[in-house]
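Hi everyone, thanks for making time. Let's have a look at this one together.

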Amino acid sequence: MRIRDLGVIDDAVVELAPGFTAVTGETGAGKTMVVTSLGLLLGGRADPGLVRNGTGRAVVEGRLGLPAGSPAAARAIEAGAELDDGALLISRTVSAEGRSRAHVGGRAVPVGLLAELGEDLIAVHGQTDQQRLLRPARQRGALDRYAGESVAEPLARYRETYRALREVSATLEELTTRARERAQEADLLRFGLDEIAAAEPVAGEDVELSAEAERLGHADALSSAATLAHAALAGDPADPEALDAGTLLAQSRRALDAVRQHDERLAALADRLNEVGYLLADVAGDLAGYADDLDADPVRLAAVEDRRAALAQLLRKYGGPDNTLAEVIAWAEEGAVRLAELDGDDDRIDRLGARETALRAELAELAAEVSAARQAAAGRFAEAVSAELAELAMPHARVTFSISQVDDLAGIEIEGRTVAYGPHGVDEVEVLLAPHPGAQPRPIAKGASGGELSRVMLAVEVVFAGADPVPTYLFDEVDAGVGGKAAVEIGRRLAKLAESAQVVVVTHLPQVAAFADRHLVVEKTNDGTVTRSGVKVLNDEERVRELSRMLAGLEDSELGRAHAEELLAAARAPRQR
C-alpha cells in the first residue's frame with residue numbers, strides 16, 4: 001500500500017504480508033494513518049482535514065491479493081475492473097475541498113463499491129471502529145457460520161419456503177385487495193360481450209352496408225341515368241325515329257364493309273367497329289338489367305341505416321385504431337379470455353389460501369429447527385469465547401447469547417406463540433457480556449469498556465477463525481489497557497488467528513509485536529513527516545532494538561535488549577514446537 005500526503009505521511013509504502021504483521025512506532029509517528037489508509041481503500045469516510053497542509057490531495061493506492069472464488073473479485077469484475085495476475089488494484093483520492101474519487105482495477109467506480117468490497121475483504125477492530133460484530137445481524141450471521149451445517153441446512157430450506165410463502169402471500173393480497181376492481185372489470189366485460197353477441201357483427205359488414213345505403217338512397221337517380229344511357233345506346237321504344245349509338249354504329253360498319261376488300265387498313269378499322277358493336281350491345285344489355293333490378297325500397301334503406309347505426313356504436317366502444325369490425329371481434333375474443341380469468345379468481349383465491357396456510361405451517365417447523373440449532377451452537381460458542389477471555393486478562397468475564405423472538409399477530413406460530421419472522425428465521429440474536437461476577441449480562445456494545453470490547457472482539461475472531469470468509473483482520477491498539485501476561489496472551493491469540501487469515505495489528509505492546517511474522521516500524525523525519533523510507537520492515541537485529549525501545553524507552557539498553565531477545569524467543573518457541 002502506498003500513502004501520499006495523508007496526515008503526517010508525506011510519501012510511504014507499507015508492505016504487508018501473509019500471517020501476522022505488527023505496526024509500531026513512537027506516539028504520533030503516524031501509525032494511525034496506516035489504519036486510516038486501509039479504511040479509505042475500503043470505502044471509509046473521507047475527511048479532507050487529513051490532507052497534508054500545502055498539498056491539494058491525498059492518495060492511497062493498494063494491491064490486494066484475492067483468494068480464489070472471492071466474492072469481492074466477482075463484484076469488482078462485475079463493475080468493470082480487471083485483475084492483475086489475480087490481484088486487485090485499488091486507489092482512493094481525497095481532495096482538500098472534500099471531493100473523493102475511487103478506482104478499482106483501472107476503472108473509476110463509486111466509493112460505495114469500495115465499501116461493498118470491504119465487507120468481504122477486511123474486518124476492522126479498534127477503539128473507535130468496532131461496529132462490524134456489534135450489529136445483531138452480524139452476530140446472528142457469525143453464530144450461524146460457527147454452527148455450520150446444523151444451522152445451514154435447515155436455514156436453506158427455511159429460506160426456500162420463506163420465498164415461496166412471500167410469493168403466494170403477495171399474489172393472494174393482490175387478488176383480495178383488488179376484488180372490487182376485478183368485479184367492476186368483469187361487469188364491464190360481460191356488458192360488452194353481451195352487446196357484441198347481440199349484434200353478431202361480421203368483419204367487413206359495415207363497408208358493404210355503407211355501399212348499399214349509398215345505392216338505395218339514390219335509387220331514382222341511378223335508375224333514370226341507366227334508362228337514359230340505355231336509350232342512347234340501343235334506342236328508345238317510345239321514339240322510334242330518334243337516333244341511337246347502335247344505329248349509327250351499324251351504319252358505319254355497313255359503309256366500311258362495302259369497300260374493305262380494297263384496303264387492308266380500312267378492313268382492320270371495320271373489324272374494330274365490329275368489336276365495338278359487341279361491347280355496345282353488352283353494355284346496353286347490362287344497363288337494361290341494372291335498371292330492372294334497381295329497387296327503391298325505403299323499408300330496406302331504413303333497415304340498412306339501423307344496422308349501420310348499431311355497428312357504429314360497437315366501433316365507437318370497442319374498435320381499435322383502424323376502427324374496423326375485425327377489431328371489435330378481436331376485442332370480444334380477448335375479453336372472453338380475460339373474463340374467464342376473472343371468474344376463476346375466486347377458485348384461485350381458495351387454492352392460494354390453502355397453499356399459504358400449508359407454507360406457514362412448514363415455515364414454523366423449519367424456524368423452530370433453526371432456532372434449536374442456534375441455541376445449541378450458542379452455548380458452545382459462548383463457552384469458547386469465555387475461555388479465550390480468561391486468557392486475555394478478563395478471567396471472570398462471561399459471554400452469553402440472547403436468542404429471542406418478537407410477538408407479532410401477523411407472524412407464524414411456534415410453541416403456542418405467534419412471532420415475527422423474516423428471511424433469516426424468527427430469532428433476534430445478540431451477544432451479551434458480564435465482565436465480572438455479579439454483573440448483569442448486557443449487550444457487548446454497552447457492557448464493555450473500550451479495551452474490554454477489543455478483547456471480546458479478538459476472542460470472538462479467534463474462536464471464529466476459519467468460519468468467517470473475511471481474509472484480513474485489522475486490530476488498532478487492541479491491547480489498550482492491558483499488559484504483562486495478558487499482553488503475551490493477546491499476542492499469542494493474534495498469532496493463532498494469523499494461521500488462517502492475514503492479521504495486521506497496530507500496537508504499543510512489545511509482548512504483542514514479538515509474535516508478529518513481519519514487524520513494521522513507522523518513523524518520522526526531523527521535520528515531522530513520514531517519507532518513503534519512514535515505514536521500514538525490520539530484520540531480526542532491528543526488531544530487538546525496536547522491542548527494547550518499546551520495553552525500556554532505550555534502544556541500546558543492555559537490559560532492554562536482553563528482555564527483547566527473551567520475548568522474541570518465547571514468542572517463537574510455541575510455533576517451533
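Before the first helix pair, one term: a crossing is left-handed if the near helix is turned anticlockwise from the far one by less than a right angle, and right-handed if clockwise. This is a predicted model, where local features need pLDDT of at least 70 and side-chain atom pairs count only at 80 or more, while totals for chains, interfaces and linings use all residues. Residues are numbered from 1 along each chain as its sequence is written, and side-chain values use heavy atoms, with hydrogens and water left out.

So, helices and strands here are DSSP runs numbered from the N terminus: H or I of at least four residues, or E of at least two. α8 (219–234) passes α10 (264–293) in a left-handed crossing. Their axes, lines fitted to C-alpha atoms over the stretch in contact, are 9 Å apart. The packing angle is about 150°, on a scale from 0 to 180 degrees between N-to-C directions. That makes the two helices roughly antiparallel, a label for angles over 145 degrees.

Who touches whom? With contact meaning heavy atoms within 4.5 Å, Leu222 and His230 are among the α8 residues there, and α10 brings Val283 and Tyr290, among others.

Now the sheet. It's open, with six strands in the order β2-β1-β4-β5-β6-β7 and antiparallel pairing; strands pair if DSSP finds at least two bridges between them. At the edges sit β2 (9–13) and β7 (107–109), each pairing on one side only. Further in, nine bridges join β4 (57–65) to β5 (87–95), and glycine 62 stands opposite isoleucine 90.

Technical notes: Parallel < 35°, antiparallel > 145°, perpendicular 65-115°, else oblique.
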